[in-house]
Amino acid sequence: MIYRILLIIGIFLVIISLIYIKKINKGEEERYNEIVGMYSDINEYRRYSTELMDNIESLVDSTIVKINNNSEKVKYIDIDDHEVEEKNKINLFNVSDKFNNNEDLTEKVLALNGIGLNNKEIAQKLGRGVREIDIILNMNENNKYVK
């Protein structure tokens, strides 16, 4: 008699264990499906952001080409904030070559800054570091007040 009671209790515990395991598996499967959904969303966002960055880059490049083609003269401003002279058209956007002359680099940085590019964009176009561009712009701004 005691064996039958123990057998029934054992079978009952096995059934309860199987139900509990099934419940845990269902929860894990739901979490797995949620993670798979997040992964697909992340891939979709990555694809959209890559397309957006490509579109922005092509827009910036086309704008620079238009500016380069349409601008005939570049105005330079003296330290005392008055116009010094107008120079003939300079190809500011030929950035594939490295610059040996720091004055030439400074002029190009100032011109690109003058058309509204930020420091990161200028650094990318000129193949230089963002910090270097920051320094050049800060030095030029400080030189305005020296004279």
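The face of α3 that is turned away from its buried side carries the exposed residues K120 and Q124, where buried means under 20% relative accessible area, exposed over 50%, and partly exposed in between, with a 1.4 Å probe and protein chains only. The buried residues of α3 are I122, A123 and L126. Because they cover an arc of only 100° around the axis, these residues lie on the same side of α3, the arc being that of the directions from the helix axis to the C-beta atoms.

This is a predicted model, in which local features need pLDDT of at least 70 and side-chain atom pairs count only at pLDDT 80 or more, whereas totals for chains, interfaces and linings use all residues. Residues are numbered from 1 along each chain as its sequence is written, and side-chain values use heavy atoms, with hydrogens and water left out.

The protein has four helices and two strands, which run α-β-β-α-α-α from the N terminus on; helices (H or I, at least four residues) and strands (E, at least two) are DSSP runs, numbered from the N terminus. Of the 147 residues in the protein, 14% are buried. Among contacts (heavy atoms within 4.5 Å) between residues at least 6 apart in sequence, 35% join residues at least 24 apart.

A123, placed in helix α3, is buried, with a relative accessible area of 3%. Not counting residues up to four places away in sequence, A123 touches R128, G129, V130 and I133. N140, by contrast, has its place in helix α4 and counts as partly exposed at 26% relative accessibility. The table gives one C-alpha separation for each of these two residues.

| Pair | Separation in sequence | C-alpha to C-alpha distance |
|---|---|---|
| A123 and D134 | 11 residues | 9.3 Å |
| N140 and L110 | 30 residues | 8.4 Å |

The largest nonpolar core has 11 residues in all, namely I64, L105, V109, L112, L117, I122, A123, L126, I133, I136 and L137; such a core is a set of buried Ala, Val, Leu, Ile, Met, Phe, Trp, Tyr and Cys residues joined through side-chain atoms within 4.5 Å. At least two residues of this core are supplied by each of α2 (102–114), α3 (119–126) and α4 (130–144). Leaving aside neighbours within four places in sequence, V109 is in contact with I122, L126, I133, I136 and L137.

The second largest pocket holds about 260 Å³ of space. Its lining consists of M53, I56, E57, V60, D61, K120, E121, Q124 and K125, and the elements that give two or more residues to this lining are α1 (2–70) and α3. The largest share, five residues, comes from α1. A pocket is an open set of points on a 1 Å grid over the protein atoms alone, where a 1.4 Å probe fits, with protein on both sides within 12 Å along at least five of seven lines, and lining residues have an atom within 4 Å of a point. Grid points are joined across faces, edges and corners, and the volume is the space filled by probe spheres set on the points.
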